[in-house]
Amino acid sequence: MRKLDSLLKKSKSLGFFSIFLLIFSVGVLIPAPSFAQATATAPAATSRAADHARSIAKQWISRGIPGFSVTVARDGKIIYSEGFGFADLEEHVTAKPTTKFRIASVSKPLTAIALVKLAEQNKLDLDAPIQKYVPAFPDKGEPITPRLLAGHLGGIRHYKDDEFHIQKHYDSVLEGLTIFKDDPLVAPPGTKFNYSSYGFNLLSAAVEKACAKDFLSCMHDLEFAPLGLSNTVPDQPSEIIDQRSRFYVHEKDAPLQNAPYVDNSYKWAGGGFLSTTEDLVHFGSALLQPGFLSKESLSLLFTSQKTKSGEETGYGIGFSVGKSKSGQRIFHHSGGAVGGTSQLIIYPDQHLVIAMICNYSGAGESWKFEEVQSIAEAFEK
């Protein structure tokens with residue numbers, strides 16, 4: 001009881017709520033986070049919209065997310081940015097918009113931009129057989145192209161067994177291909193949408209060859225540096241990375257735990273980067289109009305591909321294409337990693353971009369896609 005009183009006093013002194021939320025049925029008590037640590041970087045963020053965002057954030061905390069951040073940009077400028085909960089539960093390090101989380105499959109849109117940038121520079125042909133750039137990849141009997149791979153139409157399989165928890169470090173992109181390169185296709189290329197992170201691994205080898213640099217250097221030089229994404233980095237376990245979150249998992253019928261050790265070097269392109277919500281909305285904002293990419297390249301990203309039978313897949317190159325619950329056009333991607341979940345949504349007609357990233361993965365639904373949408377749409381003009 002003395003410890004609880006001490007923690008309560010500490011929480012008040014930091015501006016925290018003066019109570020604790022019992023957020024796990026197994027009895028793990030986690031201090032309620034401060035909802036007053038906003039990094040409201042532009043006065044255009046209305047009080048009402050910000051209050052709506054905080055109301056939803058409280059729900060996410062109550063459902064068990066340890067820490068996360070949310071950032072909204074309009075017309076390329078951040079109008080709301082706030083962290084909630086804890087980046088590190090044990091040390092009570094609060095989550096901020098500058099906290100680096102695992103963005104998981106939101107890495108795919110990043111890779112897609114590098115791909116089309118190289119196509120713009122005539123260094124990569126989206127419709128060439130992948131062996132033109134990755135001759136070590138076995139011929140599967142039918143052409144597999146970068147365009148098909150970027151739209152999950154290449155027939156490459158997704159994770160199986162315990163591959164999501166690989167702990168081995170892979171020294172190169174090509175070495176990482178050994179996990180799946182000899183496996184049969186799940187469907188003939190172009191005939192079936194089959195979501196595949198490994199398809200993006202194969203793309204990264206093509207990007208590497210076309211760029212004439214290792215993949216990570218290519219991403220930095222071709223995209224991260226020009227766009228100012230200084231907080232977007234590979235999730236290297238051995239490196240000291242400033243403001244990297246701790247990661248947590250919650251399995252069914254078990255308490256919240258530290259996430260198991262994983263090494264994501266086998267899948268940089270498909271799910272291996274760390275980033276911040278502020279970097280991600282800057283990234284998304286660069287795609288609202290021609291500039292960094294041409295009008296033609298943007299159309300490639302945001303136009304649904306079709307199967308050979310003419311069926312639209314709802315996925316362009318690195319982005320899902322659809323509508324929000326309210327009926328607005330959106331381009332988006334979500335991600336799930338060991339100890340990380342993410343969402344990036346672009347509203348092209350409203351010039352809005354929202355990113356949400358957390359340090360949690362586990363049982364149950366901790367946040368809903370339409371809730372992220374509602375935060376963004378509250379900031380419409």
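Two strands pair if DSSP finds at least two bridges between them. Helices (H or I, at least four residues) and strands (E, at least two) are DSSP runs, counted from the N terminus. The model is predicted: local features need pLDDT of at least 70, side-chain atom pairs count only at pLDDT 80 or more, and totals for chains, interfaces and linings use all residues. Residues are numbered from 1 along each chain as its sequence is written, and side-chain values use heavy atoms, without hydrogens and water.

**View 1. An open sheet of seven strands, with antiparallel pairing.**
The strand order is β5-β4-β3-β14-β13-β12-β11. At the edges stand β5 (93-94) and β11 (320-323), each pairing on one side only. Strands β12 (residues 329-337) and β13 (residues 340-347) are antiparallel and share seven bridges. Ser-334 faces Gln-343 of β13.

**View 2**
Contact means heavy atoms within 4.5 Å.

**View 2. An open sheet of three strands, with mixed pairing.**
The order is β9-β8-β15. β9 (257-258) and β15 (360-362) each have a single partner strand, so one side of each lacks a neighbour in the sheet. Strand β8 (residues 248-250) pairs with β9 in the antiparallel sense over two bridges. Here Tyr-248 stands opposite Asn-258.

**View 3. The largest nonpolar core, with 68 residues.**
A nonpolar core is a set of buried Ala, Val, Leu, Ile, Met, Phe, Trp, Tyr and Cys residues joined through side-chain atoms within 4.5 Å. Buried means under 20% relative accessible area, exposed over 50%, partly exposed in between (1.4 Å probe, protein chains only). Val-134, Leu-202, Leu-287, Leu-301 and Phe-319 touch the most other members. Helix α6 (residues 197-211) gives the largest share, nine residues. Leaving aside residues up to four places away in sequence, Phe-319 touches residues including Pro-109, Ile-113, Phe-283 and Leu-344. A second, separate core has 31 residues, among them Val-72, Ile-345, Trp-367 and Val-372.

**View 4. The disulfide of Cys-211 and Cys-218.**
A disulfide is a pair of cysteine sulfur atoms within 2.5 Å. By this rule the count is one. The sulfur atoms of Cys-211 and Cys-218 are 2.5 Å apart. The S-S torsion is about 100°, so the disulfide is right-handed. Cys-211 is buried at 13% relative accessibility. Cys-218 is buried at 0%.
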